[in-house]
Amino acid sequence: TDIGSQKDRVMSEEEWLQKWEMGNIGFHKEQGHPLLQKYLDVLLNGRSGLRIFFPLCGKAVEMKWLADMGHSVVGVEISEQALKDFFAEHSLPYCEEPVPEISGAKKMQSTSGNISLYCCSIYDLSSSIVGKFDGVWDRGALVAVNPCDRQRYVSLMTTLMEKNASYLLVTVSYDPNKHKGPPFYVPESEIKSLFG
Ligand code: SAH
């Protein structure tokens with residue numbers, strides 16, 4: 001499949017921050033994503049008390065869902081506004097602390113302790129900082145990453161997963177010559193070669 005016109009497209013961090021500033025966040029789903037409900041059993045696979053990772057989390061309400069089910073949620077997002085909005089919109093008190101390993105980064109953690117959101121680029125994270133995860137909810141993440149960074153992103157995600165981790169990935173299917181993205185079109189064949 002030809003992703004032609006999207007291959008070289010780059011969204012800068014500044015452009016993402018502007019989207020949040022302008023309230024240009026059509027990707028945010030107030031009601032949460034129906035596919036997480038549908039495939040929750042696949043993610044959990046009968047397990048409880050999991051560590052679940054939300055790459056490029058925005059203010060995804062699914063983080064609250066999973067925390068309320070007793071899991072521990074970790075997210076990463078460059079927009080501090082997104083993370084502040086998340087805690088405010090769910091009336092969750094939180095604390096902030098610097099992340100010693102990453103200059104300029106902040107960790108924002110719910111007072112109850114089960115939601116930790118890192119305000120920094122995902123590329124600054126490593127398993128020595130955030131540990132490894134039993135599950136990943138990747139919606140608006142792989143498809144938001146710049147096409148040239150996909151391999152780097154997937155390689156990093158792989159290092160953040162426990163052996164028996166499950167990974168739910170949501171993609172979008174459309175003609176990449178008709179829209180510039182994001183979300184970008186990631187062909188099935190590329191997903192197979194990225195994740196192996
Ligand atoms: N997963 C969320 C948000 C999707 S939009 C949801 O389902 O609603 C993609 C998000 O990634 C934006 O909020 C953007 O600010 C953030 N982002 C973009 N590049 C990033 C990076 N390198 N590291 C962390 N977050 C990033």
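This is a predicted model: local features need pLDDT of at least 70, side-chain atom pairs count only at pLDDT 80 or more; totals for chains, interfaces and linings use all residues.
Residues are numbered from 1 along each chain as its sequence is written, and side-chain values use heavy atoms, with hydrogens and water left out.

A search of the whole structure finds nine salt bridges, a salt bridge being a side-chain nitrogen of Lys or Arg within 4 Å of a carboxyl oxygen of Asp or Glu. One of them joins K7 to D8, with 3.8 Å between the closest N and O atoms. K7 counts as partly exposed because its relative accessibility is 46%, whereas D8 is exposed at a relative accessible area of 61%; here buried means under 20% relative accessible area, exposed over 50%, and partly exposed in between, with a 1.4 Å probe and protein chains only.

K178 and D175 also meet through their side chains in a salt bridge, at 3.8 Å from N to O. K178 is exposed, with a relative accessible area of 66%, and D175 is partly exposed, with 33%.

The salt bridge between K192 and E188, again 3.8 Å from N to O, lies within helix 7 (residues 188–195), where the two residues are four apart and therefore separated by about one helical turn. Helices are DSSP runs of H or I with at least four residues, numbered from the N terminus. Both K192 and E188 are exposed. Elsewhere, E80, K84, E96 and K106 are linked in a network of salt bridges.

E62, in helix 3 (residues 62–68), is buried yet has no salt bridge, and the nearest side chain of opposite charge, that of R139, is 6.1 Å away. Lys and Arg count as positive and Asp and Glu as negative, while His and the chain ends are not counted. A polar atom of the E62 side chain does, however, lie 2.7 Å from the backbone nitrogen of H33.

On the surface, E13, E14, E15, E21 and D124 gather in a patch of negative charge. Such a patch is made of residues with over 30% relative accessible area and no salt bridge, like charges being joined within 9 Å. Among its members, E14 has its place in helix 1 (residues 13–22) and counts as partly exposed because its relative accessibility is 47%.

Key: Patches are made of residues with over 30% relative accessible area and no salt bridge: like charges are joined within 9 Å, nonpolar side chains (Val, Leu, Ile, Met, Phe, Trp, Tyr) within 5 Å. Accessible areas come from the Shrake-Rupley method with a 1.4 Å probe; for residues, only the protein chains shown count as cover. The place of a charge is taken as NZ of Lys, CZ of Arg, CG of Asp or CD of Glu. A polar contact is a pair of N or O atoms within 3.5 Å; within protein, one must be able to donate a hydrogen and the other to accept it, and residues adjacent in sequence count only if both atoms are side-chain atoms.
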